[in-house]
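These are my notebook entries on one structure, kept in the order in which I looked things up.

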Amino acid sequence: MDEPPADVVDAIAAQWRRERPDLDLEAMAVFGRLGRLLNVATARIESVFTAHGLQRGEFDVLAALRRSGEPFALNPSVLADTLMLSRAGMTGRIDRLEAAGLVRRTADRVDRRAVRVALTERGRTLVDEVVVAHTANETAMLSALDPADRATLDRIARTLLAAWEG
C-alpha cells in the first residue's frame with residue numbers, strides 16, 4: 001500500500017524537530033492523529049443521530065434497551081451503570097426520550113417500588129432504523145482500510161485498551 005500523504009501532524013512534528021531535535025516525537029504524532037481521527041469520527045457519527053432527531057446519548061439509551069432483548073426494559077440504575085453515566089444524567093436522558101414517546105417508565109413487576117424504562121414501539125422502530133444507518137456509516141468510515149488493516153487496527157486498539165484500563 002502507498003504511503004499516505006503528509007498531513008498537519010507531519011508539519012507540527014517537523015516544527016518540533018527543528019526547535020527540539022532531542023525529542024522523540026513518534027508518540028506525539030500517533031496521539032495527534034488519533035485525536036484528529038476522534039474529532040472527525042465523532043462529527044460523522046453524530047451526524048447520523050442528528051439526522052434521526054437524536055443526540056448520541058439518547059441513541060446510547062435506546063441502543064442499550066434494544067440490545068437487552070425482550071421486553072427491552074431495564075432499571076434506570078442498570079442503564080446508568082451500563083452507559084457509565086450519573087443517575088442524574090440518566091434521568092435527564094430518560095425524561096427527554098419519554099417526552100418524545102420513545103421510552104416509558106413502568107413499575108417493576110417484581111418490586112412495585114422500582115421503576116423500569118422500556119422502549120415504546122416507536123422507540124424500537126427508531127433505534128432499529130438508526131442502528132442500521134449507524135453501522136453502515138462506521139463501515140464506510142473504515143472503507144479506506146482493507147480487511148487485514150481493519151483487523152490489525154482492532155487488535156492494536158484492544159491491546160492499548162487492555163493495557164490502559166488495566
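Entry 1, salt bridges. I took a salt bridge to be a side-chain nitrogen of Lys or Arg within 4 Å of a carboxyl oxygen of Asp or Glu, and by this rule I count twelve salt bridges. The model is predicted, and local features need pLDDT of at least 70, side-chain atom pairs count only at pLDDT 80 or more, while totals for chains, interfaces and linings use all residues. I number residues from 1 along each chain as its sequence is written, and side-chain values use heavy atoms, with hydrogens and water left out.

I looked up R20 and found it in a salt bridge with D22, the closest N and O atoms being 2.6 Å apart. For burial I use relative accessible area, with buried under 20%, exposed over 50% and partly exposed in between (1.4 Å probe, protein chains only). R20 is partly exposed at 38%, whereas D22 counts as exposed at 54%.

E70 forms a salt bridge with R124, with 3.7 Å between the closest N and O atoms. This pair links distant parts of the chain, as E70 lies in the loop between α3 and β1 (73-74) and R124 in helix α6, 54 residues apart. Helices (H or I, at least four residues) and strands (E, at least two) are DSSP runs, numbered from the N terminus. E70 is exposed, with a relative accessible area of 63%, and R124 is partly exposed at 24%.

R124 also forms a salt bridge with D128, the closest N and O atoms being 3.9 Å apart. D128 and R124 are four residues apart in helix α6 and so are separated by about one helical turn. Salt bridges that share partners join R66, E70, R124 and D128 into one network.

Within α2, A29, A41, I45, V48 and F49 are buried, and the buried residues of α2 pack against α1 (8-19), α3 and α6 (121-141). α2 is followed by G53, whose phi is positive, near 75°.

Which residues does L54 touch beyond its neighbours within four places in sequence? Taking contact as heavy atoms within 4.5 Å, I list F49, F59, L62, L97, L102, L126 and V130 for L54. L54 lies in the loop between α2 (26-51) and α3 (56-67) and is buried, with a relative accessible area of 5%. The C-alpha atoms of L54 and L97 are separated by 9.2 Å, although the two are 43 residues apart along the chain.

H134, in helix α6, is also buried, at 10%. Leaving aside neighbours within four places in sequence, H134 is in contact with I45, V48, F49 and F59.

In the model, the end C-alpha atoms of residues 24-162 lie 24 Å apart, and the span is 68% helix and 9% strand.
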